[in-house]
Amino acid sequence: SIDSSDFSSDLPDSAIAILLESIFNNTGGEVVKNENGKIEILGSPTETAILEFGLSLGGDFHKERQALKLVKVEPFNSIKKRMGVVLQLPDGGYRAHCKGASEIILAACDKFVDSNSKIVPLDEDSISHLNDTIEKFANEALRTLCLAYIDIHDEFLVGSPIPVNGYTCVGIVGIKDPVRPGVRESVAICRSAGITVRMVTGDNINTAKAIARECGILTDGIAIEGPEFREMSEKELLDIIPKIQVMARSSPMDKHTLVKHLRTTFEEVVAVTGDGTNDAPALHEADIGLAMGIAGTEVAKESADVIILDDNFSTIVTVAKWGRSVYINIQKFVQFQLIVNVVALIVNFTSACLTGNAPLTAVQLLWVNMIMDTLGALALATEPPNDELMKRAPVGRKGNFISNVMWRNITGQSIYQFVIIWLLQTRGKTVFHLDGPDSDLILNTLIFNSFVFCQVFNEISSRDMERINVFEGILKNYVFTAVLTCTAIFQIIIVEFLGTYANTSPLSLKLWLISVFLGVLGMPIGAALKMIPVGSV
């Protein structure tokens, strides 16, 4: 609520000077001018926020950087939770600036700069006040950092490490990192899809919990800190990992341990995503699936099955939806392919054994094979994902690829098609009054035609293995409609005009309608089959 100009006017110039020195020198960001001459801040969201604050206090980034010589830089370390620089002062001395996790940096301080710009010892009351400030910021979902410095009067060697204690606390910074639009909704979608969301972060435990509650991640689970997690025995880990929803102050090895147990002990497929920071959320999908979101550190990447090169949480929903869509499309194609194979094999085998000849010739089977493999794959594998996919339960890592639902559909459709073809073969001449020298050729053409149209309409039924309404969105899938249209057109050409090559005879309109009707009849039978309850395993 305080304007930055009012804030700076309330502090002595010397206090502002040390604050700006810390902000502009101990940073991984840059302040540049773009093509339009406007100031642009480059860097991570955290660095950008701090640099923007420094500019709002009237600071000059380039002036501060040129005033002192930069001697040593230690980039942010996710294990130490800190970064630091060493500057050479005009009088020949050195000053180290440190920035990082508030409680860690504060613990390395024994003095602080008070409101009068005086350096005073940190007593219990001051430490308590600063810790209360950290907790207050964290409970408001602010990411907190502590800025500190130490003057080094001795000669500093570039190869020497930056001091780890004896610092003077400059201040506590609270940064609001707004939750991206759609994250809470994405978490809710993940939950409805059987995905349990876990946040793995380097933030303060209170900050992590506040953000997790805001996102809908932390509900009735456990929030734990990395150091506590690392001290647990194997037995304790096996007990607590399923309950963890938030892990704060985590290290890369904590992520590695979590991913390893999710993959091996709990048999989950783990994917990682993130921008390489400690700020990305983690999630896993119970029993399968798709666990994604652990921050993209190299250790976590090496442990993962899938890596998502994006730090947008909403991408996880998109990836899960597409992953499920591909899996189910392959299942649909395999179901369709098995029905065609089973019926063609049984019909030709039984006919050859009982009558001495097969109703489907080699050329006809080649055409059926093209329908089954090339065109069937194009039609069924190009079905786009839909929102219903995220309402399904996950598929187990050890789950059967050919599920009970598929076996039900395969068995029912195969029996129907076999009965139809067998009745045509044994009763067709009598029922349709086929006689004369071409009666066998006409009957075999009718069988071939009926068999193909059974596959055409079974392909439509296979668009969804469980829902009865298979026409929803069919016209939006141009590949599917084009494949069906081409199949029907080529079937007409083969039967009516390519009899010499395909061993077919032109059929009357009545026999064409019968062939199509027998194919259409498979759709209500397929719908009735879907009403038979079976387990999804």
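In this predicted model, the axes of helix 6 (residues 124-139) and helix 8 (residues 205-215) approach to within 7 Å and cross at roughly 15 degrees. Angles under 35 degrees count as roughly parallel, and helix 6 and helix 8 are therefore roughly parallel to each other. Their crossing is right-handed. On the helix 6 side, the contact is made by Glu-135, Ala-138 and Asn-139, and on the helix 8 side by Asn-206, Thr-207 and Ala-210.

The next topic is charge pairing. Side chains of opposite charge can pair when their charged atoms come close. The structure holds 16 salt bridges. Several of them are described below, starting with a pair that links separate parts of the chain.

Lys-321 forms a salt bridge with Asp-387, and the closest N and O atoms of this pair are 2.9 Å apart. Asp-387 has a relative accessible area of 54%. Exposed means over 50%, so Asp-387 counts as exposed.

Another salt bridge joins Lys-111 to Asp-110, with 2.7 Å between the closest N and O atoms. Partly exposed covers relative accessible areas between the buried limit of 20% and the exposed limit of 50%. Lys-111, at 28% relative accessibility, is therefore partly exposed. Asp-110 is partly exposed as well, because its relative accessible area is 37%.

Glu-472 and Arg-467 form a further salt bridge, in which the closest N and O atoms lie 3.3 Å apart. A salt bridge requires a side-chain nitrogen of Lys or Arg within 4 Å of a carboxyl oxygen of Asp or Glu, so the pair qualifies at 3.3 Å. Glu-472 has 48% relative accessibility and so counts as partly exposed. Arg-467, with a relative accessible area of 32%, is also partly exposed.

Salt bridges can also be followed through a group of residues. Glu-21, Arg-95 and Asp-151 are linked in a network of salt bridges.

Methods
Residues numbered from 1 in each chain as written. Predicted model: local features only at pLDDT ≥ 70, side-chain atom pairs only at ≥ 80, totals over all residues. Heavy atoms only, no water. Buried < 20%, exposed > 50% of the residue type's maximum accessible area, 1.4 Å probe, protein only. Axes fitted to C-alpha atoms, helices over the stretch in contact; angles between N-to-C directions. Helix = DSSP H or I, 4+ residues; strand = E, 2+ residues; numbered from the N terminus. Parallel < 35°, antiparallel > 145°, perpendicular 65-115°, else oblique. Left-handed = near helix turned anticlockwise from the far one by under 90°. Contact = heavy atoms within 4.5 Å.
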